[in-house]
Amino acid sequence: MNNILLFLCSGTSSRFNGKTKALSKLTDKSIIEYNIEHLKDLYDAVYVVANENNVSEFEQYNLDANLLAIKTGNGDADSLLNALDELKKIVDFENCILTLCWGDTVFYRTDVFTKLIKNNNRKLQIACALD
């Protein structure tokens with residue numbers, strides 16, 4: 001069973017003046033670079049889903065992840081469904097555990113992800129930020 005990590009970065013960032021939130025700098029790295037660096041060793045594969053209008057911004061970062069582009073514009077649920085449809089073309093969902101994350105959230109604690117992997121009893125997991 002493969003463990004797959006999917007970062008959803010397909011929003012239009014309308015409340016962020018159109019700036020792609022996942023590419024905002026923390027220090028010397030963007031949020032998505034930081035997240036990938038800290039979590040990639042826990043997973044067999046990492047995917048970043050961007051919208052077709054900003055995927056070129058992500059390509060400039062040479063991320064250590066697979067990059068997918070989707071059509072967006074009908075809200076988070078529609079984007080999530082489009083992301084899963086795109087991923088389904090290249091990943092066998094029957095033989096994987098899929099963990100979904102929002103790409104503009106900083107995940108500084110890997111222990112939550114380790115627990116998700118060790119205690120998985122479902123095919124789909126969603127990781128959210130801890131307060």
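User: What makes residues of helix 3 count as buried, and which are they?

Analyst: The buried residues of helix 3 are Ser79, Ala83, Leu84 and Leu87. Buried means under 20% relative accessible area, exposed over 50% and partly exposed in between, with a 1.4 Å probe and protein chains only. Helices (H or I, at least four residues) and strands (E, at least two) are DSSP runs, numbered from the N terminus. This is a predicted model, in which local features need pLDDT of at least 70, side-chain atom pairs count only at pLDDT 80 or more, and totals for chains, interfaces and linings use all residues. Residues are numbered from 1 along each chain as its sequence is written, and side-chain values use heavy atoms, leaving out hydrogens and water.

User: How do you know the span of helix 3 agrees with its number of residues?

Analyst: The expected span is 1.5 Å times one less than the number of residues. Helix 3 (residues 76-88) has 13 residues and should therefore span 18 Å; its end C-alpha atoms are 18 Å apart, which agrees.

User: Which strands do the buried residues of helix 3 pack against?

Analyst: They pack against strand 1 (2-9), strand 2 (45-51), strand 3 (66-70) and strand 4 (96-102), where contact means heavy atoms within 4.5 Å. The face of helix 3 turned away from its buried side carries the exposed residues Ala77 and Leu81.

User: Why is Thr72 called partly exposed?

Analyst: Thr72 has a relative accessible area of 22%, and the partly exposed class lies between the buried and exposed limits; Thr72 is therefore partly exposed. Thr72 is found in the loop between strand 3 and helix 3. Not counting residues up to four places away in sequence, Thr72 touches Ser10, Asn51 and Ser79.
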